Amino acid sequence: MSKTKKILALAATGIFALSLASCASDSGSTGGGEAAAGGDCNVGISMPTRSLERWINDGEQLKALLEDADCTVDLQYADNKTDQQISQIQNQVAGGSKILVVAAVDGQVLAPVLAEAKKQDATIIAYDRLINGTPDVDYYATFDNYKVGQLQGQFIESELDLANATGPISIEPFAGSPDDNNAKFFFSGAWDVLLPYVESGVLVVPSGQSPASNDDWASIGIQGWASDKAQSEMDNRLSSFYTGGDKVDVVLSPNDSLAIGIEASLKSAGYAPGADYPIITGQDADKANVKAILDGEQSMTVWKDTRTLGEQVFTMIQEIQAGDDVTVNDTETYDNGEKVVPSFLLDPEVVVKDDVQSKLIDSGFIKASDVGL
Ligand code: BGC
């Protein structure tokens with residue numbers, strides 16, 4: 001950073017500190033101050049659903065960080081409904097939110113509401129999921145979504161030593177919700193590792209649910225990331241294609257909510273942890289899935305420490321408030337059809353049974369008692 005830029009950055013940080021200080025005193029006063037409670041620091045957070053543990057943690061954590069900095073925060077959950085999310089965002093803008101943090105239910109449909117928000121000078125941060133088809137997304141903060149899938153594919157590859165295997169090893173691939181921009185990145189990361197083994201016959205897909213290329217990923221997508229839909233899809237595959245003692249060896253599940261459904265299906269089809277139990281991947285380190293990992297019902301999860309995502313978005317908001325350059329580390333990957341959105345990508349990591357204590361519990365991400373330890 002040049003000296004001038006440093007001074008500007010410091011001055012801007014000072015302004016931010018002052019504006020936060022004024023928020024603090026205003027929020028305690030009964031009126032008269034020039035700024036409303038929260039002053040300029042007024043943030044609307046729009047999360048997709050409370051039905052998944054991660055979004056509850058994401059929302060609460062970011063809200064707490066912002067409120068500690070005396071920002072006014074409106075945190076809403078959209079119950080996985082697009083219309084609900086749109087009206088919640090409209091209300092936030094009408095209520096004075098100048099920064100919107102949005103984890104989209106459907107990444108394709110928010111352009112009009114974001115255009116309205118832009119007219120009110122809002123800055124828009126896409127949280128975890130990209131929002132497509134709009135020039136109005138200013139920044140994107142997420143984990144490296146391609147890498148999430150790659151870690152799942154590489155896990156399967158190394159567990160089965162695919163490079164030296166002859167097969168045939170049976171695999172059932174699943175993909176995430178077709179309306180979630182992340183889902184294609186997860187699938188592509190995994191399929192780039194696994195498809196060559198499908199093509200060479202080392203891996204076989206008895207159900208035929210095997211996308212010929214990454215572009216076909218949505219054909220095996222599970223709408224809304226719903227556990228019950230994953231479960232019934234797995235029930236169908238098992239009852240139609242695994243008859244006469246055939247066993248499935250691997251299930252590529254893009255996340256933990258699908259894995260939970262798939263595991264329930266396996267259980268009701270008589271699979272039990274042990275030699276014949278398939279490898280199953282996941283993502284998120286949800287408590288139920290960590291428990292499943294400890295119990296041998298799930299092989300791994302890709303852990304995204306969502307606390308670091310919240311902190312990164314908090315940093316972005318501070319930088320925006322300060323009029324400073326916003327820190328990003330990727331300006332190439334996330335083209336939303338209108339622009340390449342400047343992004344900050346965080347690193348996901350694999351968690352297996354032996355890592356639960358050291359990575360998840362020791363870091364405070366989950367409590368030992370949450371997973372029966
Ligand atoms: C998130 C995942 C999550 C999934 C379902 C994705 O956009 O990146 O962490 O498992 O949505 O909520």
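Asp79 is placed in the loop between β2 (72-77) and α3 (82-94), helices (H or I, at least four residues) and strands (E, at least two) being DSSP runs numbered from the N terminus. Although Asp79 is not a glycine, its phi is positive, at about 55°. A further backbone feature occurs at Pro168, in the loop between α5 (145-159) and β6 (169-173); the peptide bond from Gly167 to Pro168 is cis, with omega near -5°.

The model is predicted: local features need pLDDT of at least 70, side-chain atom pairs count only at pLDDT 80 or more, and totals for chains, interfaces and linings use all residues. Residues are numbered from 1 along each chain as its sequence is written, and side-chain values use heavy atoms, with hydrogens and water left out.

The ligand is surrounded by 13 residues, of which Arg54, Asp128, Arg129, Asp180 and Asp284 are the closest; a residue is near a molecule if one of its heavy atoms lies within 4 Å of it. By class, this shell comprises six charged residues, four nonpolar and three polar, where Asp, Glu, Lys and Arg count as charged, Ala, Val, Leu, Ile, Met, Phe, Trp, Tyr, Cys and Pro as nonpolar, and the others, Gly among them, as polar. At least two shell residues come from each of α2 (53-68) and α6 (181-199). The ligand lies between domain 1 (3-137 + 305-347) and domain 2 (145-304 + 352-360 + 365-371), because both give residues to the shell around it; the domain bounds come from an automatic or database assignment.
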